[in-house]
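Let's take a walk through a protein model together.

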Amino acid sequence: MTVSPNLSVAIQMDPVDSIEIAGDTSFAFGLEAQKRGHSLWYYTPDKLSLNDARIEARGQSLQLFDHQGDHFKTGALETRALTDFDIILMRQDPPFDMAYITATHLLEMLPPTTMVVNNPAEVRNAPEKLLVTLFPDLMPPTLISRDPETIAAFRATHHDIIVKPLFGNGGAGVFRLRQDDQNLSALLEMFFQTSREPVMVQAYIPAVTKGDKRVILVDGEPVGAVNRIPQKGEARSNFHVGGSAARAELTARDLEICHAIGPELRRRQLLFVGIDIIGDYITEINVTSPTGIREILRLSDIDIAAHTWDAIERIRPTYANNGIAR
């Protein structure tokens, strides 16, 4: 077995003191990196800069501990060029706004000696609710629009719909509207007064009451899943809004979906991806900051952090031209 050399790893993430370690995937990645002897350094996205053609960040060395309430230790703040690092994990949560997009542009400027996971250009080009539309035969009926008449006609056809922000996350701003619900116009007014973006509208899938399955793919291959069960009376199953985790197995349909999208994920160098499957349908392909691996480890003993670092260590030596040469 080939042992990977110690790597210097920078994590671009939300403030480490604010994370809930029981369910935080970035934390799991950091723990596994430490276990392998890699060094950790961390910074928040607002500390990323382009300074006279140098991509740099102001951050801190980082040690992680799997102890709730005492889970990290940081060093003194310092400014470092990101070319100092072998690996950068781009792991901050959405919203996928212009600040997020700017960060992808800056990270894309790094030379191939620094591998960014996921590839920042493809993160920018593949927001979760748009990439999935490349696979319409795998999706429920779906509309992306900000035209109220078109949206109303879609509901008239499908009767029971879900409306959600195109670039949201964590279940925020997701609404179910049945055919007799009189709030559609008011809801769209609220969306469009606060944003110029379209919304995503999908036919409601009754199977969501049995769970919204999060499947994790590493380098295009499915490696584990967790079922997210919504609370009674709740249309959303996201962990952020109270969904509960349950053990999940990959069905034949899940594998069919994964095998259909896997080559495209590899082509785009989207190494760590979480997809959402309800019943027989894929609803999202999450590439920005997918979660769920801590829950999968607790429920099924599948260590996806280890799978991910295996893939990073395998791919990095052939990483070239801001891409992956296999």
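## The whole chain

What percentage of the 326 residues of the protein chain count as buried? The answer is 52%, where buried means under 20% relative accessible area, exposed means over 50%, and partly exposed is in between (1.4 Å probe, protein chains only).

Before going on, a word on the source: this is a predicted model, where local features need pLDDT of at least 70, side-chain atom pairs count only at pLDDT 80 or more, and totals for chains, interfaces and linings use all residues. Residues are numbered from 1 along each chain as its sequence is written, and side-chain values use heavy atoms, with hydrogens and water left out.

## Size and fold

The protein chain has nine helices and 19 strands; these are DSSP runs, with helices being H or I of at least four residues and strands being E of at least two, numbered from the N terminus. Along the principal axes, the C-alpha atoms fill a box of roughly 60 × 45 × 40 Å.

Why does a radius of gyration of 20 Å agree with a compact globule? Because a compact globule with 326 residues would have a value near 20 Å. The radius is taken over C-alpha atoms, and the globule rule is 2.2 Å times the number of residues to the power 0.38. As for contacts (heavy atoms within 4.5 Å), take those with a separation of 6 or more: residues 24 or more positions apart account for 68% of them.

Now zoom in on strand β14, residues 221-229. How many of its nine residues are buried? Seven are, so to speak under cover: the strand is mostly covered.

Strand β13 (residues 212-218) runs antiparallel to β14, and seven bridges join them; two strands pair if DSSP finds at least two bridges between them. In this pairing, Lys-213 stands opposite Asn-227. The two strands form a hairpin with two residues between them, and Asp-219 in the turn has a positive phi of about 50 degrees.

β14 also pairs with strand β15 (residues 244-247), again in the antiparallel sense, over four bridges. Here Ile-229 stands opposite Ser-244.
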